[in-house]
Amino acid sequence: MTTDPDAARAFYKAVFGWTMADSGVAGHDYTLLSVGPSMVGGLMRLPDDAKAQGVPPCWTGYIG
């Protein structure tokens, strides 16, 4: 989650070479991050309610 999705997309593309694709979920700006055919993450704007509670931009890990 980030306060600047455009800058985050540019950073991860430039630094790691990750490819990006829109998730396709209507009304939700969520970007899928991939290395080759493998999805490695997702990127979204930090919700206003989370910011209001003091949540900083962050990565959230998942185990699948």
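Where do Lys 51 and Asp 48 lie, and how many residues apart are they? Both are in helix H2, which covers residues 48-52, and they sit 3 residues apart, about one turn of the helix. Bear in mind that this is a predicted model.

As for exposure, Asp 48 has a relative accessible area of 59%, so it is classed as exposed. Lys 51 is at 38%, so the label there is partly exposed.

Next, the other helix on my list. Arg 9 and Asp 6 are both in helix H1, residues 5-16, again with a spacing of 3 residues, about one turn of the helix. They form a salt bridge too, and here the closest N and O atoms are 2.7 Å apart. Asp 6 is exposed, at 55% relative accessible area. By the rule I mentioned, the count comes to 2 salt bridges.

Last item, a strand residue. Is Ser 34 buried or exposed? Its relative accessible area is 17%, and the cut-off for buried is under 20%, so Ser 34 is buried. Ser 34 belongs to strand E2, residues 30-35. Leaving aside residues up to four places away in sequence, Ser 34 touches Trp 18, Thr 19, Met 39 and Val 40.

That is my list.

Terms used
Residues are numbered from 1 along each chain as its sequence is written. This is a predicted model: local features need pLDDT of at least 70, side-chain atom pairs count only at pLDDT 80 or more; totals for chains, interfaces and linings use all residues. Side-chain values use heavy atoms; hydrogens and water are left out. A salt bridge is a side-chain nitrogen of Lys or Arg within 4 Å of a carboxyl oxygen of Asp or Glu. Helices (H or I, at least four residues) and strands (E, at least two) are DSSP runs, numbered from the N terminus. Buried means under 20% relative accessible area, exposed over 50%, partly exposed in between (1.4 Å probe, protein chains only). Contact means heavy atoms within 4.5 Å.
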